[in-house]
Every structure is written in C-alpha cells, then in structure tokens.
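Dear colleague,

I am passing on the structure we spoke about, and I would be glad if you looked it over alongside the notes that follow.

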Amino acid sequence: MTDMTQPATSVHQSDTSRERLRRRYGRERSFKIISVSALGLTALFLVILLGSIVLNGWSGFLTTKLRLEVTYSTKHLDVEDPANGNFRMIILDALRERFPDVTERRELRALLGIVSNRGTWDVRDALLDDPSLAGGSLELWLPAATEVDMLNKGYVDRSAPEELRLIDDRTIAWVDAIDEADDLATVFNWTFLLSGDSREPELAGVGGAVLGSFWILLVTFVVSFPTGVGAAIFLEEFAPKRRWVDVIEVNINNLAAVPSIVFGLLGLAVFLNVMHMPRSAPVVGGLTLALMTLPTIIIATRAALKGIPPSIKDAALAIGASPVQVVSHHLLPLAMPRILTGAIIGMARALGESAPLLMVGMVAFVVDLPSGPTDAATALPVQVFLWADSPERGFVEKTSAAIMVLLVFLVAMNGLAVYLRQRFEIRW
Amino acid sequence: MTQLILTLALICLAAAAFLVGRRKAIGVTGGRTSILHSRPVYHGWYVALACGLPAVSLWFMVLLAGDWMIDRTIVAALPGELREASAPILQRFLNDAETLAAGGIPTIEITPELEAAAASFRRLTLLERWVGFSAAMGLGLIGAGFAMRRIDISRRTRQPVERVLLIVLLAVAAISVLTTAGIVFSVLFEAIRFFDKVPFLDFLFGVKWSPQIALREDQVGSSGAFGAIPLFTGTILITLIAMLVAGPVGLLSAVYLAEYADPRHRAVAKPMLEILAGIPTVVYGFFAALVVAPALREAGIMVGLDVASESALAAGLVMGMMIIPFVSSLTDDALAAVPDDLRDASLGLGATHQETVTRVVIPAALPGIVAGFLLAVSRAIGETMIVVMAAGLAANLTANPLEAVTTVTVQIVTLLIGDQEFDSAKTLAAFALGLTLFMVTLGLNVVALRMVQKYQEKYD
C-alpha cells in the first residue's frame, strides 16, 4: 500500500516524457489553430467576394440627373404631330442659354453630350403628356450621360492628365458649373431596375434580364417539378425491385454530377438543331435547365418519401386504401414540405446557372422586355456575363449591381426554402 | 397561339367530363356513395380519361402529320424549277411562306409564287386546325359518352384509372434515362461526324489547337489544327491549382466543424459555407477577372514576375474558393459517418484530439474523403463560367501557372457562341470536347461511388 501512495518516479514523469507530452500538446494546439484558420480563410474569401461586389455595385443603383429649363419653341416642333419634333435642338437651346459663351460647333456637340440620349425622349414625353406646353417652357430633370455620371460618383480622377481621363477639362468645368447651381442630383436609378439592356451604361437595366429569368424558371418549374416528383414516386413506391431500377437509380445519381455545360450541348443539339425551336427563347433555356434540375428534384423527393415512417403507409393500407391512394392521400401531402424545399433549392441553382444558356443562344443583346416564353430574352446571370465583358467604366458598377440583384433573388429563394423546412417539417 | 388555345379547350372538355362523371356516380347511388365499388372521384377520372386521352392524342397526331402534309401539298403545287431546288432552299422558302402567312416579313423577296404559297398555307392551316379540332372534339365526346354509360354501382373504375396513372409515372421516370441517352447520342453523333473530318488520334494527342479554319490559303494563324493536348493540360493545371486551394482548406475546415466546433460555431459556419456554395459561378468569374487577376498582376510586378492578365493562377485560385464548400461538406459527411466509439477508444488510450483525428478518424473516413475529392475534381473540370471569364483563349502548352492557358469548357463556349454551322469541323469540335468532358466526369463519378461502396467500413 505504501508503494501505491508514494509512487517511485515513473516513466511518465521523466524529463523526456514531459518533453514529449509538451510537444504533443503543442501539436494539438497548432492543429486546432490551423483548422480554425482554414475556416477563417473561407470566411475571409466570402467577405472579400461580397465586399468587392457591394463596393463596386452600390452606386449602380444611383444615377445622375441634371435640371434644365427647356423651352418648347415652336420652330423646333411639328404643329400637326407633337411626337415629331427636333427635341435635340430643344435641349441644345436650353444648354446654350446656360452657357452662352459656347458658340463653336464642335464645342456645342460636346456640350450636348453631357445629357444622355434618353433626354430627348423625356423632353418629348413631357410634351406628349401636356401638349399645351408648346411655345412655353418647363423645368425638367434629365438623365446625364455616363461620363458625367462617373464624374459625379467620383470614379474620375480629376488630377490625372486630361488625355488619360474619359472626360475632358472643359466638360468637367460645365458639370461643375451645373453642380454649383444645385442643378445636379444623384437619385435612385429606376431605369436600372425596370428597363432592358442598352449600349449606354446609364440606360442599361436588369429589368429585361429579370423577366427573362422569370420565364426561364417558370418553364423549368412547370416541366421539372411534376416530372421529377412523378419519377421519384414511381421509383420509390411502385417500381418492382429489379435490376433496371438500380440502373435508373445509378443513372440519376450520375446525371446530377454531369457538368452543366453538357446539358447546354444537349439543348443545342436536340432543341435547336433537331426540333428547330427558336434561339434565345426562354422556353429552350427553361427546357435545358429543367433537364439539369430534374435529378435534384428526384433525389429530394425520394429522400422526403423515405423519411416518412412505414407505419403511416401500413395503417392506410390496413384500412383498405389502394397503393395509389396511400401515396396521393398520405405520403405525398406529408412529404410535400421537403419536396418543395428541394425544388426551391434546385430552382435557385437553375437561376444562377449561365453556361447551358450560353449554348442555346441566350447571349443576345435584348433591349425589349420579353412578354412571354417564346420572346427573345436573356437571363440575369447571362446579363452579368455580358456586361462583365464590356470595357466601359460605367458597366463595372452595373455588373456588380446586377450581381447584387441576382444575389437578392437567391437569398430570397433560399430563405423561403429554409422557412418551409423549419415551419412545416414534421419530426416523427 | 391558336393551337395552344384549342389544346386548352380539349383539356377543359376533359375537365367537364370529370365533373359529369363524378356527378353521375353520386347520382346512381342516390346519395349513399359508400355502396359504390370505386370512389366517385375515380368515376370522374374514368370519364375524363376516356374523353381526354383519345381526343388529345388525335389532336397532336393531326398537328404533327398535318404540318408535314401541308408542306408536301405546297411543294407539289410549286412551279418546276423551285420544286427541284435543294432541300435547304426549299425549307427556307416554306419558312418564309409561313412567316408571310402569319403577317410577318419574309427574308426573301416576295414573289407571286411565295404569295400563292402563303395563301395556300393559310388556307390549309385553317382547314387542318378546324377539321382536326372537330374530329378530336367528336372523338372525345364519343369516348365520354361511352364511359358514362358504363358508370354503375359495381363498375370497377379505380383499377383502370390507377393503371393509367402508373403508366404515366413510369413514363416520367423514363425521362431521366432518356436524358442520359439524349446526352450520349446527341453528343456522340456530332462527335463522330467530327472524327470523320479530323482523325481521332490527332484530336486526342495533337499538341496544336487552332480551330479557325483558313478561308484563304495564306491566312495567318488559321491552320484548323484540332490537337486537344493543350486544352487538357490547361484544364489539368487549373484544376490542380483549384484542388491545392480547396483540398487543404476544405478538409481542415471540415475537421474543425466535425471534431472541434461546438454547436454554436457550427450554426455560424455551416450557413456561411452554404452561402459560398450558393453563389452563382458567374459571380466568381467576375470576381476573378475584376479583383483577383489584377491583384496577382500587381503582386507579380512588385516581385518582378511577369503575370499574364488572364493567368491560370487567378482562375485556379477562385475556382478553389468555389469548391471549398463542396469539399468541406463531403468531408464533413465522411467524418460524421465514423462512429464515436472509435474516437472514445482512441481518447481513452490517452491520444490527444489531434492524434485521434489524424490517426483514427481520417483513416477510417478516407474512402469517403477521397471520393469527395474526386467529385470535387470532376466539378472543377466541368466548371465553365470562371474559366470563360478569367482564363485565356489561346491554347498554350505550358505548366507555368502565371501564363494564360485555356480549358476544354472555355473552348466549347468559344466555339459555340454566335452562329453555328452544323457541318463545320469548328462547331463539331465542341461536341468532341463535350464528349471527352462527359466521359471524364462520368468516369470520376463512377470511381468515386465505387470507392465508397467498396472500401468504406460499415460500422453498424
């Protein structure tokens, strides 16, 4: 007993042992630190990624307008048809009145250049709204050209040499003069949210792309949801357990991992080349994405059906329901929240997908808003791709802003999926 | 548009048949529906199917066969020289006649022949629509009437309705198989046409890729060479860089999440990884081109290295970022599948946490982890948007990550954007590349699944 209470120096208390233990604990600590920092690195990536998008993009939601007193002098107007007048001249007159010392022809053209091309439309629309304006005058806020917009948002380095700037000293002086008179304003850019694509950054909008994405997703959902749920029900509840069902199962799992661009090739070869469907139409893009989303929905539905306890099925069968009634009255309603969750996640993936859409020609320059699934359209991620290619400075902020719009939709869809999962999930 | 409305009309007819059938089934019982063999709903479906199935199938048959017959009739009525014209010209003529008939502007000059064709096109289409629609409607009504007469207390309508439903379910289940077959055959078919023009071995082992075909003999840089080795090495280089980022970072963050983190930290870290996984690839591509590539270039200038503005490194790094959550969640699953008994035993023997993880948990989860890595590699190979936006177009045969390389997916996109002619080697080359891509990713997936099945220990 005395030996037990007063142990001799054991091997575990020797110096080498203590040193070894110290090193082992050291390794433990550093391993934990490395693991945490791996996760921290991931977080850092995410912050840099989202941060650079937001920093570049927030100003895309704003635009610059300038106030002008326009006079609808009758010499520029067509008395018979108010829509047909020389509205460029009306704007030019208004600018000339403001800067009377500008007389040379080239200078005048440069002066007119500070107002966006859209300005003539706005001047015309004001007249069409109120034809009695002819001969009178009106104060209007007109959209500024993209160079002025960039200057106003501070993206132009005034100290840089003039020839390296996209806006020259003379124009800067004009804009500053307008600004000092309090006639320059930064306002929310409704054009960006509501209109279609344009070659002019200040007029380009994501509205057309959002609508295009909507039509694509509608086609995708209408095709892939019933098909996917039906296929999953068949495989899970009715298929005889035979070899070919295994083949289908392996096939679906592999299909889920096929690169999306290969689905684009399929869409191009089958829908466009064989079936001669229209290029750039949401219906083709939607069908292509539906094939891509199908495995996701099948897998989610099968998991949801598997998650329902067999006792429910047995109880229904025991009181005389047919297998079809068991599915339609019990299993499907109970599985629906999880099926919908899976479907929404699949739809969110389809919304962010662009590679297959490039293959079926959805990269067209589309100005008009698509009003149906067969109109030429582009999708939100493809619009991002197209703008990212534009060299103009004005499109950088538009690209980032379009990404922000895309991310808002994705967050909303995923949020809906999480809500459904938490609100309706039944724990057995 | 008219076709859609008429199809909807037929479906409405079937819906009406459903209501009538159900009503009659309730009627014959005098209100005591429990004496029916099948529920009233099934009688409704029975009548609706008897009405809708023949009607809609006849209608679609008319639409398909009718268009073909209209084309034949118009061609037969054409003057001799046009009738003898080659198939594409004839097809274009017919398309223009159709456009003109619909009130659009044709692509060719309006000739009397074209106007006559458009007029007969309009007449025949109208005839086709209304004759076909009336026939379908009649057939549907006959079917519904027939089914209505069979409704009775003891009539077993549930069985046939359920059989039809099962056939429909079988058909939609077959679509997934058809999709795979569609991918294989459409891509294979075009690829074979490509290999008719370019020998298979030249494609697979050639070291020069220059798909522009010379229009003139002396055109520079347009030799029409289709050697895919530079594309494969480019793809491998970028994938390698991506895996060098995503492999360690993904593995270690999964280890932290599975072995160290308490639920509170998991509740923060998991959604963060899900956000990263949910960001569209086009966003990563923009980020690579806008932020990472210029940053690398400036860093290169600072240390005196010449970094291409579309370097493989930029695309690879960003692709690695994109794949981190993928690697991490697959590794997390593999680690979570290792039973706690093993951890407890190891800790009980006095091993530190780190020793338990590296010597017990990771070896036990290794097949799952390797399978996850293989799936991540297959993701990286098939990834398109990042490389399209951040990697180059020129096919350089190099292993230097600071130079621009191109990948298989970039070339597919480049070859197919814009107008395609389906008989030029340039377009068909994209399908040969697509076939290669499909085969490689499929192979990686099959190997990954097999690996889990074969080597993963079963602990329960």
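Helices here are DSSP runs of H or I with at least four residues, numbered from the N terminus. Please keep in mind that this is a predicted model.

In that numbering, A:Phe424 belongs to helix 17 of chain A, which covers residues 393-424. Because 13 C-beta neighbours fall inside 10 Å of A:Phe424, this residue counts as partly exposed. Between A:Phe424 and A:Ser354 there are 70 residues in sequence, and their C-alpha atoms lie 32 Å apart in space.

The domain assignment divides chain A into domain 1 (66-188) and domain 2 (207-424), and the centres of these two domains, taken over C-alpha atoms, are separated by 47 Å.

Turning to the contact between the chains, 64 residues of chain A and 62 residues of chain B take part in it. On the chain B side, helix 6 (residues 158-197) gives the most, with 19 residues, and by class that side consists of 42 nonpolar, 17 polar and three charged residues.

Helix 6 of chain B packs with helix 9 of chain A (residues 207-238) at an angle of about 110°, their axes being 8 Å apart, and the two helices are therefore roughly perpendicular. Among the residues that make this contact are A:Ile233, A:Phe234 and A:Phe238 from helix 9 of chain A, and B:Leu169, B:Val172 and B:Ser176 from helix 6 of chain B. The residues of this helix pair comprise twelve nonpolar and three polar ones, with no charged residue.

With best wishes

How values were computed. Residues are numbered from 1 along each chain as its sequence is written. Chains are lettered from A and ligands numbered from 1 in the order in which they are written. This is a predicted model: local features need pLDDT of at least 70, side-chain atom pairs count only at pLDDT 80 or more; totals for chains, interfaces and linings use all residues. Two residues are in contact if their C-beta atoms, placed from the backbone, lie within 7 Å. Ala, Val, Leu, Ile, Met, Phe, Trp, Tyr, Cys and Pro count as nonpolar, Asp, Glu, Lys and Arg as charged, and the others, Gly among them, as polar. A residue is buried if 20 or more other C-beta atoms lie within 10 Å of its own, exposed if 12 or fewer, and partly exposed in between; C-beta atoms are placed from the backbone. Domain bounds come from an automatic or database domain assignment. Axes are lines fitted to C-alpha atoms, for helices over the stretch in contact, and angles run from 0 to 180 degrees between N-to-C directions. Angles under 35 degrees count as roughly parallel, over 145 as roughly antiparallel, 65 to 115 as roughly perpendicular and the rest as oblique.
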